[in-house]
Structures are given as structure tokens and as C-alpha cells.
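Please look over the sequence and the model shown here before reading on.

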Number of protein chains: 2
Amino acid sequence: MKNYTYKCTNCKTEFTAEQIENEFIYLCPKCGKAEKNVPLEGVLTIEYDYEDIGNNLQREEFLKLQPGKFWLYPQLFPVTLNKVEENILNRLALPTDQYLEYEFNNNKIFLMDETRNPTFSYKDRASSLIALKAMELGVDEIAAASTGNAGSSLAGICARLGIKSHIFVPKNIPDAKRIQIQSFGANIYIVDGDYDNAFDLCLEISNQKKWYNRNTAYNPLTIEGKKSAAYDIFIYTKGNMPDNIFIPVGDGVIIGGIYKGLTEMLKLGWIEKLPKLITVQAKGSDALVRYIEQNSFTYKPAETVADSISAGAPRNLYMAAEAVKESGGLAIAVLDEEILTAQKDIANNFGILSEPSSASVFAAYKNLVEQNKINAADKNLLLITGNGLKDISALERWNKQPVVKSYDEWMIEIIK
Amino acid sequence: MKNYTYKCTNCKTEFTAEQIENEFIYLCPKCGKAEKNVPLEGVLTIEYDYEDIGNNLQREEFLKLQPGKFWLYPQLFPVTLNKVEENILNRLALPTDQYLEYEFNNNKIFLMDETRNPTFSYKDRASSLIALKAMELGVDEIAAASTGNAGSSLAGICARLGIKSHIFVPKNIPDAKRIQIQSFGANIYIVDGDYDNAFDLCLEISNQKKWYNRNTAYNPLTIEGKKSAAYDIFIYTKGNMPDNIFIPVGDGVIIGGIYKGLTEMLKLGWIEKLPKLITVQAKGSDALVRYIEQNSFTYKPAETVADSISAGAPRNLYMAAEAVKESGGLAIAVLDEEILTAQKDIANNFGILSEPSSASVFAAYKNLVEQNKINAADKNLLLITGNGLKDISALERWNKQPVVKSYDEWMIEIIK
């Protein structure tokens with residue numbers, strides 16, 4: 001009997017781990033629905049016996065752990081790891097200096113740098129847990145639908161572990177991201193359609209082929225894997241958590257995961273309150289902002305330079321909205337030109353190449369400070385979720401081809 | 001009085017640290033020469049009082065240090081760090097899981113993964129030390145000539161520390177690498193000429209403007225910074241060093257640095273013998289291989305897909321040759337098509353996107369095992385020095401645009 005259960009975030013029904021996992025069920029068997037152009041319904045979440053965990057894992061002991069290795073506290077993850085050797089787990093380790101402190105306009109600012117993860121994005125947190133789960137289940141093929149990063153992440157993590165991956169992508173996938181997926185040796189299926197078509201096709205085929213499915217939000221372990229950042233932040237800050245955490249939102253799985261991790265720490269008595277979760281979207285893809293304002297979901301095709309947070313129907317919308325509300329946070333959207341300026345600011349001031357989606361949080365930070373909605377003297381942590389090298393075309397927009405000059409011309413110009 | 005001196009690798013004259021550093025001297029004042037299309041002469045190397053260091057720093061204590069942070073053992077580096085705060089140093093930290101163990105053809109194989117360094121290449125080891133040295137010297141502008149990675153590295157490290165960087169590049173710099181340099185806010189100077197012209201211009205202007213100079217091999221701290229990988233390997237292996245270390249060679253500064261670190265560990269009595277250093281070049285850029293065979297240097301313009309190791313006149317040729325000889329190693333060259341195949345092998349088997357220059361070592365490993373010149377059962381460590389995302393055009397060569405099919409077509413094809 002496993003030490004955790006599954007619970008529907010919608011109808012609240014509980015299921016044993018065996019009921020869900022043995023049948024390869026992902027959404028709630030009672031009310032789950034994965035339909036086109038709407039958020040998922042019946043997303044499952046995993047519940048542990050926090051009292052029991054708290055009795056055996058003390059806060060102060062936990063704070064001594066190395067960050068970036070969730071397998072060091074396996075009691076908080078739905079996977080059995082005792083057959084996996086350490087040298088294999090180490091291939092999934094994140095850097096141990098992700099938490100960086102800088103100054104900006106005379107205030108401290110903190111960054112959580114996910115750009116140097118094994119495949120250079122936050123997605124690795126989910127892919128790693130899911131790949132280990134597949135190994136536990138004895139499944140050696142994993143499938144995912146992706147607009148780019150999730151597929152590249154799953155493909156790379158699977159290559160590290162010797163697992164076969166199948167990635168379903170829409171026709172408009174950027175070349176750079178397609179090449180990353182292919183490079184890792186994944187089978188790639190380009191669907192003549194959009195992300196929704198790829199998502200549906202992936203579900204149908206995974207089901208028939210008995211491939212383990214990593215579709216984001218659909219597989220509850222995507223949220224579970226992404227919660228590890230909350231624990232890492234807890235370790236990095238030695239328990240002195242940030243006041244505000246800025247998080248880019250596409251499908252709402254990162255925010256869902258971090259919120260899950262934080263609420264677990266509340267239950268464990270390790271923190272006293274939730275940091276405010278500030279969710280950031282692009283104006284052209286602001287479903288969460290509109291949902292919170294209007295209290296209902298309306299579909300609008302997304303269009304933004306920040307392709308990794310472009311989502312007309314965020315799959316994990318309802319949990320994302322709950323996270324904002326329960327933490328006393330905010331949901332805001334920023335313009336594409338603000339995102340590109342922020343991408344430049346982050347590279348120039350902090351020496352980090354970020355994806356446009358990640359840069360959105362710095363644009364939001366600047367806006368909110370300017371509007372006095374956030375205190376710059378607070379402990380503000382910005383989540384930088386993806387690497388700018390993954391698609392250099394955005395960087396190219398603000399770096400014009402410079403002039404070429406001869407040796408003598410430069411001598412005159414610089415020395416004069 | 002500093003605890004180290006400078007010594008010429010050619011005429012063996014010794015100088016105090018003050019003699020060299022106060023005057024911004026880089027090559028030997030007696031015999032140093034930086035001329036076009038030939039290796040540098042009079043490269044300086046830094047000598048410490050190893051007996052004194054060994055008395056105060058025990059092998060077993062050293063092995064407990066965290067890897068990737070050379071500032072934890074400052075007595076082995078020519079820089080004063082006591083005014084630099086820890087949160088600033090942490091911005092320069094390398095990941096702590098660079099040393100990865102895999103299986104290949106039923107043998108263990110070890111990789112040293114430098115692709116997730118702050119700017120995604122080994123060059124950061126040199127740039128970080130040099131940037132900290134500039135801070136110590138009170139210089140807030142640093143210049144370098146570069147074909148791409150070194151410039152991007154210096155620019156990124158300087159952005160992390162708030163230092164101004166000036167990067168001189170040849171006209172044929174790949175767009176992707178130019179964009180990285182610019183993104184970090186460096187001043188970029190594109191010279192209508194080749195790398196040698198950029199090198200000369202950078203020396204002349206740094207001299208006149210009193211900018212600190214990071215030209216590779218020319219500034220002895222580039223070699224010194226790059227020695228830290230040897231110490232990291234020592235920590236990762238708990239002192240059980242590899243039998244063979246495979247190292248890609250362009251200008252010969254990485255091999256020079258690693259050799260320096262290893263010989264220091266010999267002097268400290270921490271290791272008993274040098275691992276064999278296997279240097280790898282591309283056939284189209286094989287100056288070191290030819291130098292070792294013929295015992296004399298001849299210039300030949302370099303041409304290879306592995307742009308980061310393309311060097312007609314390796315600046316640090318003589319030290320590289322000494323490293324091969326003294327360690328009982330080998331110098332070999334591989335074909336461009338072998339390099340591209342190896343790049344694919346590394347991504348597919350190990351989940352790591354490497355630059356062609358880095359992939360060359362895996363091509364060499366396979367060749368040498370096949371020829372029985374290397375025992376696959378030995379402890380073989382391959383240095384993966386740069387990230388494949390830095391210039392995706394090489395990956396593109398072996399990843400063709402795949403077919404696009406409709407939902408129904410894929411269903412039929414996959415399920416049938």
C-alpha cells in the first residue's frame with residue numbers, strides 16, 4: 001500500500017494510488033474531462049500523510065539537504081526510488097546555485113535560475129519525476145504533446161535514463177525547439193494542426209500503445225514534479241521564504257506545483273504563511289487574468305512573442321486561480337515589447353539569457369514597483385524558467401547586426 | 001608581498017607578482033612575443049609555495065569541498081578575494097553535478113559536463129578568475145579577442161559582476177555567438193579581418209586604454225582559471241583520478257590549465273601520477289598533432305565544423321605539447337563527419353547537447369577503443385566543454401525537417 005492517495009481538485013473524491021496508477025488513469029475517473037480549447041476538468045492532486053512525514057522529517061534536518069535533488073526526500077514524492085542508483089539520479093540533478101541575489105535600483109532582488117537545468121528549462125522538474133515513475137511502473141516508453149520546451153525536456157531526460165520518448169508537436173513548432181527534441185533521439189510526430197490536436201493525438205495513441213503519458217497538467221505528476229522548486233527555495237533561503245514569488249504562467253502547472261509545495265510546507269508546519277504568488281502572462285495570452293477578473297473562462301486564441309507561455313486555454317487554470325487567491329497574490333499581464341526589454345535587462349544586469357516567457361516576470365516586477373503595488377524592499381523572488389538560447393530569434397530582435405570596421409578605423413574611433 | 005610568483009615557460013626567468021601585475025604585463029618581459037600566425041612565446045605561468053600550501057591544506061580536507069567554486073581554496077589562485085561577498089561569488093558557481101557516469105558498450109564512461117556553466121562553456125573558468133582579478137586591481141573594464149565562446153563568456157561573467165566588457169571579433173563570427181555577446185551588454189567590435197587581426201587590435205587598444213586583457217593564453221590567468229577543472233575532478237572522484245582524460249584542443253589553454261592543476265596536485269603529494277592526457281583536434285585544425293609528429297610548428301589555415309577548436313596557430317601550443325608528452329598521453333585528430341556523428345551519439349545516449357568541438361572527444365574515444373589504443377575498461381573521462389545550443393546550425397546538419405501528417409494519418413501509421 002502506497003503512502004499517498006489521489007484526490008480530485010474538482011469533485012474532491014479520493015482514490016488509492018493503486019486505483020489510479022495500475023490502470024494508467026490520469027484525470028478524475030468520476031468527473032475528469034480533457035476537451036479542446038477549455039481547461040482540464042478533474043485534475044488530480046496527490047495527498048500524503050503530512051503528520052506522519054512531519055514526525056519523521058524535521059524542518060531543521062530538511063534545511064540541511066542539497067537543493068535540486070528531490071529524491072533526497074522521497075517521502076514527499078509519489079515514486080519508489082530504492083532500486084535506482086545514485087549515479088543515475090545524479091544525471092537529473094539541478095545546479096546547486098540556482099538562487100541568486102542581485103541589486104537592482106538599490107534594492108535586493110532574487111532570481112531562481114532554471115536556465116541551467118539538464119535541458120535548460122523548469123520542465124525538467126516534471127520530466128524527471130515522470131521518467132522515474134515510468135521506470136517504477138516498468139514502462140519504457142513515454143509520450144508527450146508539446147509546443148517545444150516540455151518535449152525537449154522529456155526527450156533529454158529520457159536520453160539520460162535510456163528510455164524511449166515520443167513527442168507530438170504542432171506544425172508551427174519553432175525550428176530550434178524541434179531540433180532539440182530530435183537531437184535527443186526522440187520520435188517526433190508533427191501534426192498538421194495546433195497544440196490541441198497534438199494533445200489529443202498524444203492522449204489517444206499513448207492510451208492504445210500503453211505509453212506513459214506526460215501531457216502537462218493531465219498527468220498529476222507534472223504538478224507534483226514542479227512543486228520541488230518550492231522546497232528548493234525553502235532550502236536556499238534557510239526557511240526565510242520570499243515575500244513575493246513572481247511566476248510566468250502558460251498552462252498554469254508551474255504555479256500549481258509551487259502552490260502545492262508551499263501548502264504542503266504549511267501543513268508540515270515548516271512555514272507560517274504562503275508567500276504572495278504573482279502570476280505573469282503576456283497581454284496576448286491572458287486567460288488567467290481574465291478568469292480572475294470575470295470569474296469565468298472564455299477562450300481566446302493566444303498570440304505573444306513569449307511562446308512558452310502562449311496558451312489560449314490554460315490546462316491547469318483552476319488551480320492557478322486558486323493559488324493566486326489563496327496566497328493573496330496578483331495576476332497581471334505585460335506587453336510583448338515590455339517582455340523583450342526585460343529580456344535585455346536580465347541579460348545586461350544579471351548575466352542570464354532568459355526566454356521571453358521568463359523575462360515577463362521582470363517586466364511585471366518593474367511595473368508593479370512603479371505602481372507601488374509591490375514594495376521593492378520586500379524579498380522579491382523572480383522565477384527564470386527557461387534559457388534564451390533555446391530560441392535565439394527573440395534575442396535577435398533587440399540585437400542589430402553591428403558595423404564592421406577595419407583595424408585602423410577602430411583604432412581611430414576608440415583611441416581618439 | 002603576494003604568495004606567488006610568475007615564471008616564463010620558455011626562458012624560465014622568475015618575476016614577482018608585483019613586477020608583472022602592477023605594470024599590466026602579460027607575456028615574459030624578457031622573451032615574450034605575440035606574433036601573427038605563430039604560437040605565443042614566453043607564456044608566463046604562476047608558481048606557489050606548494051610546501052607551505054600543503055602544510056595548511058590537507059588532502060582529506062580538500063576532498064570535502066564543494067566542486068565548482070575555486071574561491072573555496074584561494075591559496076591556489078592569484079587573486080585576493082576577501083572583499084568579495086559570497087552572494088557575488090555564487091553568481092560564478094558551476095553546477096555541482098558536472099561529473100556524470102554512464103554506460104557505453106558495456107563499459108563505464110565518465111563525462112565532465114561544462115555545458116551548464118554560467119555562459120555554457122568551459123571558458124567561464126577563465127573569465128571568472130580574470131573578472132575577479134580586475135576587481136582586485138581596481139580596473140572596471142575588460143577586453144578580449146574571441147571567435148565566439150570566450151567573448152560570450154567574458155561578457156556574461158562581467159554582466160554578473162557589473163563590469164564593462166569589450167569584445168573584439170573577426171568578421172566571420174557566427175550570428176548566434178555574436179548575439180550572445182551583444183545580449184550580455186558588451187561593447188562589440190567587429191574587425192574586417194580574421195581572429196589574428198582581432199587579437200592584435202585588442203592588445204593594442206587594451207594597452208592604450210588600460211583595460212584589463214583576457215586574451216587567451218596571453219593573460220596567464222586564463223590558464224590559471226582553467227586549471228580548476230583538475231581540482232574539481234579530484235573532488236568528484238574522491239581522489240581516485242581517471243586513467244585517461246580526453247580534452248579538445250584549440251588554442252591549447254584548457255589542456256594547459258588541466259596539466260597545470262594536475263602537476264600542482266603532484267607537487268602537493270595529493271596524486272601519485274598524472275592521468276594520461278588525450279588531446280583531440282579536428283583533422284582540418286591539427287597543429288598540435290603535426291607539431292608532436294614533426295617536432296616543429298608549421299602554420300596551416302584551419303577549417304573545421306568545430307569552430308571552437310579551429311586554430312591554425314594554437315597560442316599555447318608549447319605547453320599543450322608538454323602536457324601530452326609528460327603525461328604519456330596522445331594527440332589525435334578526427335574527421336568532421338566523425339565529430340557530427342559523435343555529437344548525435346552524445347545527445348542520444350547521454351542526453352547532453354554538446355558543441356562540435358566537445359563532441360570531438362567522443363569521436364576520439366570511439367576510435368582509440370576500436371584501435372585498442374585505449375582500454376575501454378579504464379576510467380575514461382571526457383571533457384564536454386561547450387553547449388550545443390550556442391550554435392544550433394551544427395545540430396541542424398543531422399536533424400532533417402521531418403514529415404508533417406494529419407491526426408488521422410498518424411493514427412493509422414502508429415497504431416496499425
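## The nonpolar core

A nonpolar core is a set of buried Ala, Val, Leu, Ile, Met, Phe, Trp, Tyr and Cys residues joined through C-beta atoms within 7 Å. A residue counts as buried if 20 or more other C-beta atoms lie within 10 Å of its own, as exposed if there are 12 or fewer, and as partly exposed in between, with the C-beta atoms placed from the backbone. The largest nonpolar core here has 274 residues, and those with the most contacts inside it are Ile142(A), Phe246(A), Ile247(A), Ile142(B), Phe246(B) and Ile247(B).

This is a predicted model, in which local features need pLDDT of at least 70 and side-chain atom pairs count only at pLDDT 80 or more, while totals for chains, interfaces and linings use all residues. Residues are numbered from 1 along each chain as its sequence is written, and chains are lettered from A and ligands numbered from 1 in the order in which they are written.

## Ile247 in chain A

Ile247(A) has its place in strand β10 of chain A, which covers residues 244-248; helices (H or I, at least four residues) and strands (E, at least two) are DSSP runs, numbered from the N terminus. Ile247(A) is buried, because 29 other C-beta atoms lie within 10 Å.

Two residues are in contact if their C-beta atoms, placed from the backbone, lie within 7 Å. When its neighbours within four places in sequence are left aside, Ile247(A) is in contact with Ile254(A), Ile255(A), Ile258(A), Leu277(A), Ile278(A), Thr279(A), Val280(A), Val361(A) and Leu383(A).

## How the two chains are related

Chain A is superposed on chain B by a rotation of 180° with 0.0 Å of shift along its axis, and the RMSD is 0.0 Å; the superposition is by least squares on the C-alpha atoms of residues with pLDDT of at least 70 in both copies. That is the relation of a two-fold axis. In chain A, the C-alpha nearest the axis belongs to Pro95(A), 2.2 Å from it.

The copies meet through the same surface, because 100% of the interface residues of chain A are also interface residues in chain B.

## An enclosed helix in chain A

Helix α7 of chain A (residues 175-183) is largely enclosed by the rest of the structure, because 7 of its 9 residues are buried. The buried residues of α7(A) are Lys177(A), Arg178(A), Ile179(A), Gln180(A), Ile181(A), Gln182(A) and Ser183(A). They pack against α6 (149-161), β7 (164-170) and β8 (187-191) of chain A, together with α14 and α16 of chain B. Just after α7(A), Gly185(A) takes a positive phi of about 80°.

## Two crossing helices in chain B

In chain B, helix α14 (residues 336-350) and helix α15 (residues 356-370) pack at an angle of about 90°, with their axes 7 Å apart. That makes α14(B) roughly perpendicular to α15(B), a word used for angles of 65 to 115 degrees, whereas those under 35 count as roughly parallel, those over 145 as roughly antiparallel and the rest as oblique. The axes are lines fitted to C-alpha atoms, for helices over the stretch in contact, and angles run from 0 to 180 degrees between N-to-C directions.

Among the residues of α14(B) at this contact are Leu340(B), Gln343(B) and Ile346(B), and those of α15(B) include Ala359(B) and Phe362(B). The residues of the contact divide into 8 nonpolar, 3 polar and 2 charged, where Ala, Val, Leu, Ile, Met, Phe, Trp, Tyr, Cys and Pro count as nonpolar, Asp, Glu, Lys and Arg as charged, and the others, Gly among them, as polar.

## Residues in loops

Gly388(B) is found in the loop between β13 (380-384) and α16 (393-397) of chain B, and this residue is buried, with 25 other C-beta atoms within 10 Å. Its contacts, apart from neighbours within four places in sequence, are Gln343(B), Leu353(B), Ser354(B), Glu355(B) and Leu395(B).

Asn105(A), in the loop between β4 (99-104) and β5 (107-113) of chain A, is exposed, with 9 other C-beta atoms within 10 Å. Its phi is near 50°, a positive value in a residue other than glycine.
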